[in-house]
Structures are given as C-alpha cells and as structure tokens.
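Here are a few friendly exercises to work through with the structure beside you. Try each task yourself before reading its solution.

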Amino acid sequence: MARIDCIVLDFDGTLTDVDSEAPRYLNSYRAALAVKVGKDLSAAWATSEAHVLANAERYGWEFGGKIVAPAHADCYILAGCVGRVVLDTLGLVKDPAERGTLLDGVYRSLYPSLSPAWRPELVPFFDALWRRGQPVFVVTNSQPDAVQKK
C-alpha cells in the first residue's frame, strides 16, 4: 500500500455540497446583479440560464482565454456565465473590463455571506484522518478569508 504523506482537498464542491447551495446562490446573485444594473432581470435570467445550460460547451470559467471549467460545474461559475449572457441580451455594461469587475464584484460580495451546505460525511471523514494523524490541506480559488470563516 502506498504511503500517504498528506491529503489535499478542494473546498467548494468537495467539502461543501454546492448543488444544494445552488438555488439560493443563483437567486441571490440574480437579485444582487439586478440592484447593480437597476433592472429586473428575472425574465432575462431564466431565458439566459436555459441557454447557457443547453450550450454548456460554449460557456464556463475562463482563464488565459480558455474555458477551464464548464458553466455547469458549480453554481458560482453558472451565475457568472448567466450574468454575462443577461448583460449581452439586455445590452448592458458592454465594456469587458467593467463587466468583469461588476460580475466578479457580485460574486465577491455574496460568497462570504452564504452559509455552506456541509457534506454529511465530513465529520466521520475528518475524525478518521485525525485519528491517523494524517495532515490535511484545503485549497481553493475562493476568497481565503471567507473560506476560513465558513
């Protein structure tokens, strides 16, 4: 059996159940974006979300000009993708830098305030690791301060 020196876990989606957080997060994101742009986005959001999910290969989290995670990977990525399509559809915030700042700002303002849905198997999992003296590290691309508070 191979020796395990440490275990590295991702936070969102591994330690938390992002699927159960999704409806609440998507509604909060839509509402916060609506406040920022000063428009009711409900109808455009529903249509845009359906479009993004039906064309998931075209939308996602981009890094270096490439999609590195598809839109349906988690609710955080989906919300940003749908937000971009909504802004396109309504002809709002056309400047790419301003748009990116707006959408990222909505995410950053919401993420710390939402309580995570912890996976039920976490307590026995971490208890077993603790009993073994196994070092565990958590990585995330989310805001480190917000993750520590959660």
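**Exercise 1.** Find the distance between the closest N and O atoms in the salt bridge that Arg99 forms with Asp88, and say which helices the two residues belong to.

*Solution.* Step 1: recall that a salt bridge is a side-chain nitrogen of Lys or Arg within 4 Å of a carboxyl oxygen of Asp or Glu. Step 2: in the pair Arg99 and Asp88, the closest N and O atoms are 2.4 Å apart. Step 3: Arg99 sits in helix H5 and Asp88 in helix H4 (residues 75–90), so the pair, eleven residues apart, links distant parts of the chain. Helices here are DSSP runs (H or I, at least four residues), numbered from the N terminus.

A word on the model before you go on: it is predicted, so local features need pLDDT of at least 70 and side-chain atom pairs count only at pLDDT 80 or more, while totals for chains, interfaces and linings use all residues. Residues are numbered from 1 along each chain as its sequence is written, and side-chain values use heavy atoms, with hydrogens and water left out.

**Exercise 2.** Decide for Arg99 and for Asp88: buried or exposed?

*Solution.* Step 1: take the cut-offs, which are under 20% relative accessible area for buried, over 50% for exposed, and in between for partly exposed (1.4 Å probe, protein chains only). Step 2: Arg99 has a relative accessible area of 11%, so Arg99 is buried. Step 3: Asp88 reaches 52% relative accessibility and therefore counts as exposed.

**Exercise 3.** How many salt bridges does a search of the whole structure find? Look also at the pairs within helix H5 and helix H6.

*Solution.* Step 1: the search finds three salt bridges. Step 2: one of them joins Arg108 to Asp104, with 2.8 Å between the closest N and O atoms. Both residues lie in helix H5, four residues apart, about one turn of the helix. Arg108, at 44%, is partly exposed, and Asp104, at 34%, is partly exposed too. Step 3: in helix H6, Asp127 and Arg131 are likewise four residues apart, about one turn, and their side chains meet in a salt bridge at 3.0 Å, N to O. Asp127 is partly exposed at 35%, whereas Arg131 is exposed at 57%.

**Exercise 4.** Where is Pro120 placed, and is it buried or exposed?

*Solution.* Step 1: Pro120 lies in the loop between helix H5 (96–110) and helix H6 (122–132). Step 2: Pro120 has a relative accessible area of 73%, so Pro120 is exposed. Step 3: the C-alpha atoms of Pro120 and Leu15 are separated by 9.3 Å, although these residues are 105 residues apart along the chain.
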